[in-house]
Amino acid sequence: MNGKHYINGEWTETGDGKIEVTNPATGEIVGSVPNGGEEEATAAVEAAAAAFPEWSKTTAYHRAELLMKWHDLLLEHKEEIGEILTKEMGKPLAEAIGEIEYSASFVSWFAEEGKRMYGRTIPASKEGKRIQINKQPVGVVVSITPWNFPAAMMARKMAPALAAGCTFVAKPAKMTPLTAVKMYELAIEAGFPKGVINLVTGSASKIGKVFTSHPDVRKLTFTGSTEIGKELMKQASETMLNLSLELGGHAPIIVLEDADMDLAVEGVMASKFRNAGQTCVCGNRIYVQQSIVKEFSQKLQKAAGNLKVGNGLDKGVQIGPLVDKDGYEKVEKHVSDAVEKGATVLVGGDGRSENNAYFYNPTVLVDATSDMLVMNEETFGPVAPIMSFETDEEAVKLANDTRFGLAAYFFTQSMSRGTYLSENLDYGIVGWNDGAPSTAQAPFGGMKESGVGREGGQEGLDAFLETKYISIKV
């Protein structure tokens with residue numbers, strides 16, 4: 001599959017050559033997109049700016065109608081899009097199709113939520129005055145999305161922006177642009193007008209420079225690493241650009257002694273090994289109360305050892321490849337460092353590379369300690385390190401000992417202990433007996449260096465709206 005830019009209602013192939021898209025499970029080239037830069041980004045932003053006045057004046061009902069047509073097309077073509085996603089990203093096909101369904105849920109949620117962009121009237125403090133609060137679209141929105149969830153992150157940004165009455169420019173990751181191209185084809189089929197949606201592929205630095213400096217851009221929404229997020233924030237300061245940044249994570253999982261053991265293992269499996277551990281909210285550090293650590297570790301060892309590793313298109317595969325050599329070597333480094341510092345491998349601890357494809361077996365480590373890399377850095381791989389603790393207070397202290405604050409998880413049957421943990425964990429998302437809390441109707445985002453703003457839920461629509469206060473003397 002070969003993709004193109006979509007700018008001002010036309011598919012184009014301008015740019016500095018092509019970017020080849022490789023299947024991480026086989027090393028084979030599965031398609032290409034144009035290597036665009038500043039010229040293409042500028043054209044896309046200007047097209048969105050030209051389309052904004054008319055689009056922003058359409059009714060929320062009209063915008064919802066188009067979004068629901070897109071939603072229906074996404075579900076109608078979910079197997080096709082899922083296969084594209086698996087070929088360019090590597091995750092198992094069932095997971096990829098699930099991501100398309102998850103993506104569509106954002107589209108339908110925001111199609112309806114867009115009808116509820118309520119303003120309000122405030123009682124005035126003086127006679128003869130009226131105070132009105134209006135909500136209006138922020139303007140041209142630009143987005144930069146990651147490779148690990150190329151469909152979901154696109155939908156989670158694009159749907160609320162369009163529902164709010166904004167126009168939109170997307171820049172997908174260089175490794176996974178084909179999913180975005182297909183989603184745009186379906187959005188065009190749904191009937192979004194010329195200039196309202198635009199897509200550019202190519203150089204992140206060149207396109208990003210335009211996104212953060214062009215005077216017509218009013219908002220940037222980005223999902224990716226904290227390091228890149230900080231750089232974008234610096235660039236955006238020149239124009240005081242409205243930002244939503246969903247950045248890195250280092251999620252702890254706490255298992256208390258009164259937890260339902262089987263539920264806890266199920267939750268850890270769902271959090272840790274989805275997408276081969278290549279998610280920003282996956283559990284990266286597992287803290288288990290000392291009295292149950294042996295039993296829990298054995299159960300997790302068995303569950304992880306039953307996972308099938310391979311090409312995501314093959315039947316029964318549950319763990320696909322790591323995205324590239326760098327990702328594979330980071331996982332190897334984390335495991336070897338842990339073993340050198342005293343950790344024991346219960347299962348896994350090894351991988352294989354063939355034809356520029358990199359696979360790592362699901363790994364469970366015990367006797368982890370706080371000085372290990374795996375307990376201090378985001379691994380982005382299928383490695384579950386287990387460290388024991390004695391008290392609830394110790395668990396919270398260990399969990400919060402990081403500059404990140406995206407997601408955290410804990411397992412307990414006690415309302416009292418659960419309330420204590422949920423209120424004291426410094427994270428934007430907390431799963432209580434739930435290893436997969438993400439959903440379209442709830443706000444997603446982090447504290448500390450894990451980002452700024454929220455996506456999903458009512459907050460996800462507010463992110464694309466300006467609040468205007470009108471004081472009227474009558």
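How many bridges join strand 17 to strand 18, and in which direction do the two strands run? Strand 17 (residues 363–366) and strand 18 (residues 383–389) are joined by 3 bridges and run parallel. T363 stands opposite V383 in strand 18. The model is predicted: local features need pLDDT of at least 70, side-chain atom pairs count only at pLDDT 80 or more, and totals for chains, interfaces and linings use all residues. Residues are numbered from 1 along each chain as its sequence is written, and side-chain values use heavy atoms, without hydrogens and water.

Both strands belong to an open sheet of 7 strands, ordered 14-17-18-13-12-20-21, with mixed pairing. Pairing requires at least two DSSP bridges between strands. Helices (H or I, at least four residues) and strands (E, at least two) are DSSP runs, numbered from the N terminus. Strand 14 (344–347) and strand 21 (429–432) are the edge strands, each pairing on one side only. The twist averages 25° from one strand to the next.

Helix 10 (residues 293–305) packs on this sheet. Its direction makes about 175° with that of strand 18. Axes are lines fitted to C-alpha atoms, for helices over the stretch in contact (heavy atoms within 4.5 Å); angles run from 0 to 180 degrees between N-to-C directions.
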